[in-house]
Amino acid sequence: MNNEMKWIQSITPQKYHQPSLKVGIGDDAAIYHTEEGMETVVAVDTMVEGIHFTKKTMSMKAIGHKALAVNISDLAAMGAIPRYYLVSIAIPKEGWGKKELADIYSGMSEIGDLHRMDLIGGDTVSIKSTLVITVTAIGIVEKGRRLVRANAKPGDVVFVTGPLGLSAFGLEHLLNEGLCTMEDEKLWPYIKAHQFPVPQVKAGRLLAESNFRISLNDISDGLASETMEIAEASGVSIELQWNAIPTGTTLKEKSRDEQEKWILYGGEDFQLIGTVGKENWDELWKKFQENQLPLYAIGQINDSKGIVKVELINNAGNRDTLTKTGYDHL
Ligand SMILES: Nc1ncnc2c1ncn2[C@@H]1O[C@H](COP(=O)(O)OP(=O)(O)OP(=O)(O)O)[C@@H](O)[C@H]1O
Ligand SMILES: Cc1ncc(C[n+]2csc(CCOP(=O)(O)O)c2C)c(N)n1
Ligand SMILES: [Mg+2]
Ligand SMILES: [Mg+2]
Ligand SMILES: [Mg+2]
């Protein structure tokens, strides 16, 4: 057995969670049984060393956790139940030993197990310089219950599932000060939000099960950009109330410009942003309360006669049109 085969053997799960799995790791491809009455939901996102993480900003466990978490977040944004994942990893010849790689996989399997997801395949290759990790996540959603971005209508309430800007604020400290930033206890929630984001699966499921007309998106590129995606997909205009956007207390002590940078344009929040009819808002909020989950109303959809835009209403009541600025790879 060569090194590559030994490595694959070391990451092969001892047992699988999902009874619908027919063929897991070890053949040319995986096979699972498609359940009656359900649709399959598939997402893929890549993390690249130097772009999404460095050894200074993330531990090995955090890299593994986040690589899977960001994909579970895309499943959550469709209202799906996570089921399976596949991992393609490009490993540099130097700097990433067996122990490091094992820790990345243990970070992945911890969050995978939490959602009863099975690792059912992937690919292992070498690369010249930086580590690249690509995860494909597979989930299922009941037929007719999928939550897309294109469902917003004038009068709807705009909501988010949790605080925004935390990850970007944490990242700034990690980039400036490295891991010694951990000495300041006040920064822990921000560092944690960056390194170990929590995909909002339970919230996505409550929304799917509600049977209300809902549009939904997860926030990877920043609130401004992801709100604009809902506006574009639905052909509507959206207004957000600056005062109503949840964030963190330490971040809130900084200048308004800095707050905007982290909250509107920072990204990697992995909270869900969505819309629901005004008439269904109270019932939806109550459902979240009963399940010990927060839900924040942060704006509304306006009747704009086809004009697509996102506006931010400031404390004094004046309006700024937001640009679709977020992280841009190209
Ligand atoms: N290289 C590509 N080839 C084919 N489809 C792509 C490619 N890149 C993105 N897409 C598709 O474009 C759409 C938007 O992708 P995008 O990556 O922006 O969404 P996201 O995963 O929600 O955001 P993020 O990557 O910031 O988490 C998705 O349907 C995605 O599958
Ligand atoms: C070292 C380091 N520098 C910068 C960032 C910030 N960052 C990278 S990609 C991205 C948007 C989401 O990516 P994608 O669109 O690929 O999902 C953001 C906000 C980071 N995480 N680590
Ligand atoms: Mg993507
Ligand atoms: Mg997404
Ligand atoms: Mg994504």
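Predicted model: local features only at pLDDT ≥ 70, side-chain atom pairs only at ≥ 80, totals over all residues.
1. Start with the largest pocket. Its volume is about 710 Å³. The lining counts 32 residues. Nearest the centre lie His-52, Ser-220, Asp-221, Glu-268 and Tyr-327.

2. Where does the largest pocket lie? Domain 1 (3-142) and domain 2 (149-321) both contribute residues to the lining, so the pocket lies between them.

3. Several elements supply at least two lining residues each. Among them are strand β3 (38-48), helix α2 (60-76) and helix α7 (223-234). By residue type, the lining splits into eleven nonpolar, eleven polar and ten charged.

4. Next, the metals. Asp-45 (OD) and Asp-74 (OD) coordinate the magnesium ion (ligand 5), at 2.1 Å. These two residues link distant parts of the chain: Asp-45 sits in strand β3 and Asp-74 in helix α2, 29 residues apart.

5. Asp-45 also bridges two ions, the magnesium ion (ligand 5) and the magnesium ion (ligand 3). The two ions are 3.7 Å apart. Is Asp-45 buried, partly exposed or exposed? Its relative accessibility is 31%, so Asp-45 counts as partly exposed.

6. Now the rings. The structure has five aromatic pairs. One of them joins Trp-7 and Tyr-105 edge-to-face, with 5.1 Å centre to centre and 90 degrees between the planes. Trp-7 belongs to helix α1 (residues 3-11) and Tyr-105 to helix α3 (residues 98-114), so the pair ties together parts 98 residues apart in sequence.

7. Trp-7 counts as buried, at 12% relative accessibility. Tyr-105 counts as buried at 8%.

8. Ring pairs also link Phe-169, Tyr-190 and Trp-262 into a cluster.

Technical notes: Residues numbered from 1 in each chain as written. Chains lettered and ligands numbered in written order. Heavy atoms only, no water. 1 Å grid on protein atoms, 1.4 Å probe; cavity = no way out; pocket = protein on both sides within 12 Å on 5 of 7 lines; lining within 4 Å. Points joined across faces, edges and corners; volume = space filled by probe spheres on them. Helix = DSSP H or I, 4+ residues; strand = E, 2+ residues; numbered from the N terminus. Nonpolar A, V, L, I, M, F, W, Y, C, P; charged D, E, K, R; others polar. Domains from an automatic or database assignment. Donors = N, O, S within 2.8 Å, 3.2 Å for Na, K, Ca; no water. Buried < 20%, exposed > 50% of the residue type's maximum accessible area, 1.4 Å probe, protein only. Phe/Tyr/Trp six-rings, centres within 6.5 Å; stacked < 30°, edge-to-face > 60°.
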